Amino acid sequence: MDLKTVSIDPKRRTFAHVAERIGADKIASRYQEGTFDMQTEGPQHYRPLWDPAHDYFDPDRTKIAMEDWYAFKDPRQYYYGSYVIARSRQQETAESAFTFVESRGLGAAMPDDVRDTALRLLLPLRHVAWGSSMNNETTAAYGYGAAITQGALYYAMDQLGIAQFITRIGLLLDEAECLDTAKDAWLHDDAWQPLRRLVEDLFVEKDWFEVLIAQDLVLDGILYPLIYGEIVDNVLTMKGGSAVSMVCQFQSEWHAEATKWIDAQVKVAAKESDANAELIKGWTSKWRARAVSALLPVAAIALGDGAEAQMDEVLAAFDKRLAKVGAA
């Protein structure tokens, strides 16, 4: 008996619509097959009664114009499978951190003033994270092209998870009543009202790309380095609050990853045309000013009079980032 190995070349290596973009002789990645040309473009029946000026899936819902809406790419190459696997691993790491802090009583060992500062600073931010989730769901719902809307939906789910992590931090450091106290602060404390107004104003913005710029690029781009990078990892840790830094590990790592995604989207849109670039610069300038004024009183909860100086350091790095992506 003579056994031989026979190689059979497939007649095609991927779907026809993907082959049109990458070439028929190339093997497509799972990300490409799960992203390219997934947007509904065919007959959409009637226009929605609540917005008769647009189709359900309409590129004119934003002032940004793109020749190809699939020019947007996710540098992480996330499709549903790879996204879930990545977050599952991070969830395991986060669970380990919470278990370590709780089992060793590190939260109770913190100085009372540091614990109180952490609770006052972090717990109302769960409402900000929930608002960010809602705003990214707006992009996922009204945006055009799966290349950008699926990334926005992953961002929304991540922010919902962050809101849950913050809730767990409160329950780890204090009794359940602290959540009601934080909600009351979010609704009535003067320090939180500018930030609350900013988040809620974004709920009613009609241009989904402007919402993306304001929330993901500007607000989160300043908030995470300021709150988690400077205050939690540096200020609170130096005062004996290392346990807080440990259970905020997901937020810090997630922001470093999410930054790559939003920067890639903004850079592509800005390079598409001068009109796009001017729109993005205008939106960035508008929301940057509001984000700074909204976050300063929040930062002062932990930094006092040093909040402005710390904000200046964060903004210096942020402005360099904006210049790199063509948004400044």
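Reader: What classes of residue make up the lining of the largest cavity?

Author: Eight nonpolar, two polar and one charged. This is a predicted model.

Reader: What is the volume of the second largest cavity, and which residues line it?

Author: Its volume is about 30 Å³. V101, I169, L172, L173, A243, V244 and V247 form the lining. Two or more of these residues come from each of α6 and α10 (242–247). By class, the lining has seven nonpolar residues, no polar ones and no charged ones.

Reader: How do you know whether the length of α5 fits a helix?

Author: α5 has 18 residues, and at 1.5 Å a residue they should span 26 Å. The expected span uses one less than the number of residues. The end C-alpha atoms of α5 are 26 Å apart, so the two values agree.

Reader: Which residues of α5 are buried, and what covers them?

Author: The buried ones are L125, R126, H127, V128, A129, G131, S132, S133, N135, N136, T138 and T139. Their cover includes α4 (112–122), α6, α7 (177–188), α8 (193–202) and α9.

Reader: What makes a set of residues a nonpolar core, and which members of the largest one touch the most others?

Author: The members must be buried residues of the nonpolar kinds, joined through side-chain atoms within 4.5 Å. The largest core has 96 residues. L125, L195, F209, I222, I227 and Y228 touch the most other members. α9 contributes the largest share of this core, 18 residues. In soluble globular proteins, nonpolar side chains tend to be buried together.

Reader: Which residues does F209 contact, leaving aside neighbours within four places in sequence?

Author: T62, I64, F72, I148, Q265, A269, I280 and W283.

Reader: Why is A269 called buried?

Author: The cut-off is under 20% relative accessible area. A269 is at 0%, so it counts as buried. A269 sits in helix α11 (249–272). Beyond four places in sequence, A269 touches I64, M66, F72, F209, N276 and I280.

Reader: Why is I27 called exposed?

Author: Exposed means over 50%. I27 has a relative accessible area of 64%, so it passes. I27 lies in the loop between α1 (16–22) and α2 (30–33). R13 and I22 are its contacts, not counting residues up to four places away.

Reader: Why does D180 count as exposed, and where is it?

Author: D180 has 57% relative accessibility, so it also clears the cut-off of 50%. D180 is in helix α7. Its C-alpha atom is 24 Å from that of M246, 66 residues away in sequence.

Reader: Why is Q77 called partly exposed?

Author: Q77 is at 36%. Q77 is placed in the loop between α2 and α3 (80–103).

Reader: What is the phi of Q77?

Author: Near 60°, a positive value in a residue other than glycine. Most residues other than glycine have a negative phi.

Reader: How many helices and strands does the protein chain have?

Author: 13 helices and zero strands. The C-alpha trace spans about 75 × 65 × 40 Å along its principal axes. Of the 328 residues, 49% are buried.

Reader: What percentage of contacts between residues at least 6 apart in sequence join residues at least 24 apart?

Author: 76% in the protein chain.

Methods
Residues are numbered from 1 along each chain as its sequence is written. This is a predicted model: local features need pLDDT of at least 70, side-chain atom pairs count only at pLDDT 80 or more; totals for chains, interfaces and linings use all residues. Side-chain values use heavy atoms; hydrogens and water are left out. Ala, Val, Leu, Ile, Met, Phe, Trp, Tyr, Cys and Pro count as nonpolar, Asp, Glu, Lys and Arg as charged, and the others, Gly among them, as polar. On a 1 Å grid over the protein atoms alone, a cavity is a set of points where a 1.4 Å probe fits but cannot get out, and a pocket is an open set with protein on both sides within 12 Å along at least five of seven lines; lining residues have an atom within 4 Å of a point. Grid points are joined across faces, edges and corners, and a volume is the space filled by probe spheres set on the points. Helices (H or I, at least four residues) and strands (E, at least two) are DSSP runs, numbered from the N terminus. Buried means under 20% relative accessible area, exposed over 50%, partly exposed in between (1.4 Å probe, protein chains only). Contact means heavy atoms within 4.5 Å.
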